[in-house]
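Here are my notes on the model you sent.

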Number of protein chains: 2
Amino acid sequence: MPPTLDHPASDRLVIVMVGLPARGKTYTARKLSRYLRWQGRAARVFNVGNYRRERLGAQQPADFFDPTNPEGVAARRAMAEAALKDMLGWLQAGGEVGLYDATNSTKARRRWVRETCEAAGCRVLFVESVCDDPAVLDHTIRETKLRSPDYRDVDPDQAVADFKRRIAMYERAYEPVDEPDASWVRIIDAGRQLQVHRLTGYLPSRIVPFLMNLHLSPRRIWLTRHGESLFNVQDRIGGNAGLTARGRAYGRALKQFFDRQNVPDLVVWTSTLRRTRETAAELGRSFRPWKPLDEIDAGVYDGWTYAEVRDQAPEEFAERGADKLRYRYPRGESYLDVLQRLDPVLIELERQRRPVLVIAHNAVIRSLYAYFADESAEQVPQIDIPLNTLIELTPRAYGSAETRHTLIP
Amino acid sequence: MPPTLDHPASDRLVIVMVGLPARGKTYTARKLSRYLRWQGRAARVFNVGNYRRERLGAQQPADFFDPTNPEGVAARRAMAEAALKDMLGWLQAGGEVGLYDATNSTKARRRWVRETCEAAGCRVLFVESVCDDPAVLDHTIRETKLRSPDYRDVDPDQAVADFKRRIAMYERAYEPVDEPDASWVRIIDAGRQLQVHRLTGYLPSRIVPFLMNLHLSPRRIWLTRHGESLFNVQDRIGGNAGLTARGRAYGRALKQFFDRQNVPDLVVWTSTLRRTRETAAELGRSFRPWKPLDEIDAGVYDGWTYAEVRDQAPEEFAERGADKLRYRYPRGESYLDVLQRLDPVLIELERQRRPVLVIAHNAVIRSLYAYFADESAEQVPQIDIPLNTLIELTPRAYGSAETRHTLIP
């Protein structure tokens, strides 16, 4: 991607996770990676635990993690080195943000990671997760660790006990991040408090608002395109047409759906365009129009049919076909522009604890959906979002569960 | 303003500054107020020190601030009550964000402030500034306090000594914010570290990225419109015209200016439109086009002259004249839309330590300039930004110094 100011001087960044086991490091690393990939950056998680599982086998007893067991120490060090080497190789080959997911719980280990990364020309940001709330820890262990290959076919209570012994091994040697010259973010008790130290660079400053608004409260998010509009029927792009009778019927079907769901605190967002507001009007609930949810701006081709663009502007049509993500309609927008203007919407969606229904447009729903489905920016223009279909998402620790409701045929 | 999702459910917020004297509370409160007013919110600082100066006279000796001096304590408490009462009255009358600027250095004082505000239906966010770096403190005292009416006509060294005695009075009783159920942000050593605790609500989540990127490093920012374009000559709005010969001459004049300035590390931003890129091309430096810097979208009137809009769409013309801030061109943008999409640009401008030149458009430069000139959103559409003029801004603790260079007649 050519550098734009939205992606300025893409200096390579390594985000080094820090924390005892079961502190949500992998959750945070995956969320960050998902967010960065959604923005169109090359981001990738390198999980040292996976190297261990792949190379040494999953089921190691807790004393493998005992810092006084020289064989375990050497084996784990070798895995850490292999993952770091692979990450730096990937960054040299064009990667932008590597996420190094391991406990990194001692200053000596962090100094080695940092010096190695900086010597390879990468900046380093530590992201430490700290949590001493036993309820949160127990929940994390049962939600994520017991599903890990490390404990396949192991009795759950026995697995929890083993995992707590593993944590205790690390606790003895744990040194919180307080390196005075380092850049770091500390997440305390799953977001209750956030500490940010010596942040420099554009990308780190963009990551913090995202981290700050993450939470684990259960909730649902619904995404839908507006009901059928007059322009949909004519196959025209853009415009500001109203709904057809069928489009209004979809609005009524949405109302029936949400009346059955019993969500009195539902938050409804629309774009500022007629077709989304007319769809929302059928719900009989208050809704807020939001400009960043407007459809991709087709610029000079607003109001044209795709056939007209193909026949009368074949070069533009071909250029768009060749790179639908970066192609910007003359005087209009690219998908990448849309992703960027949706950034505050996405952060607000993450922040919301109430259930949210977003009624928007094809390119916009594709863009938002991509984040929840863990699709990179490259995939966004290909995602299939049919009309008359309500997408229900339930965010989980790793990814989101999805149900599609076809409300009218 | 009607609520939009960008200004959702405008629950009233009180930002309560906390910190010893000379910790930058007033600086931070004013910056925040400026930022919020720029976004179109009703924000206002209530500075308890000003109540004291206005009602009791400026020049009180340090022992007025001695917590064991009952007369001083009672007088200062009365000033704190008067400012809080005025602030809550202003919020009831339609204010959105009150900034309560005082030391608020004890838990008892903060409990009283918080309970009073919450009883009046306002949320409370504490913003504490902590600094123990003697060099920063000395700089702050000399930069701001010695210019205060408290020390008019006082010998500087004597004033510094008196002010340090005043700080010592507060230090004895100072209790850092650690109220477990409160929302707070702690700024440590002028931004080296930031701590964020139990942030809830949309507005607090928007404030943190701004606070996180503030810094006191000296630097200059230049704002300019592009050189004259073919559309400027024809008095047409919007479009994507190139420069006239005169427009290119302005680009060359900019080059001469910056060659003389000796700013090898100058960062140059343009919009994605031809006229700004063609202006920047004359500089012979690299520059980055940024979509949020594009001119306000005139929607269906793109390419029209103002005379044509007035004659052929008199109702739109009148509606725009009546409220130029909120008027949204059909299928286009309002000034308020432009302010919102410029938010990441502004935060990136604050974050930059290098000198920055922004080459953009009338509505965009008006919007950015308004922030530095401490103009509210309401003023933005009236600001005069002539062509062929380079605006040089030097951010200071309170506001910015400004020079206008008319580079070609």
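**Notes on the two-chain model**

1. Two salt bridges are found by the rule across the interface of chain A and chain B, a salt bridge being a side-chain nitrogen of Lys or Arg within 4 Å of a carboxyl oxygen of Asp or Glu. One of them joins Arg331(B) to Asp302(A), with the closest N and O atoms 2.9 Å apart.

2. This is a predicted model, in which local features need pLDDT of at least 70, side-chain atom pairs count only at pLDDT 80 or more, and totals for chains, interfaces and linings use all residues. Residues are numbered from 1 along each chain as its sequence is written, chains are lettered from A and ligands numbered from 1 in the order in which they are written, and side-chain values use heavy atoms, with hydrogens and water left out.

3. Twelve residue pairs are in polar contact across the interface of chain A and chain B, both residues being at pLDDT 80 or more. A polar contact is a pair of N or O atoms within 3.5 Å; within protein, one must be able to donate a hydrogen and the other to accept it, and residues adjacent in sequence count only if both atoms are side-chain atoms.

4. On chain A, the side that touches chain B draws at least two residues from each of strand E6 (193–197), helix H7 (202–213), strand E9 (288–289) and helix H14 (343–351). H7(A) gives the most, with six residues. Helices (H or I, at least four residues) and strands (E, at least two) are DSSP runs, numbered from the N terminus.

5. The contact (heavy atoms within 4.5 Å) takes 42 residues from chain A and 42 residues from chain B. Chain A and chain B bury about 3400 Å² between them, 54% of it on carbon and sulfur atoms; this is the accessible area (1.4 Å probe) lost on being put together, summed over both.

6. E6(A) pairs with strand E6 (residues 193–197) of chain B in the antiparallel sense, over five bridges; strands pair if DSSP finds at least two bridges between them. Gln193(A) has His197(B) as its bridge partner in E6(B).

7. Chain A also has an open sheet of six strands in the order E9-E8-E10-E7-E11-E12, with mixed pairing.

Conventions
Buried area = accessible area lost by both parts, 1.4 Å probe.
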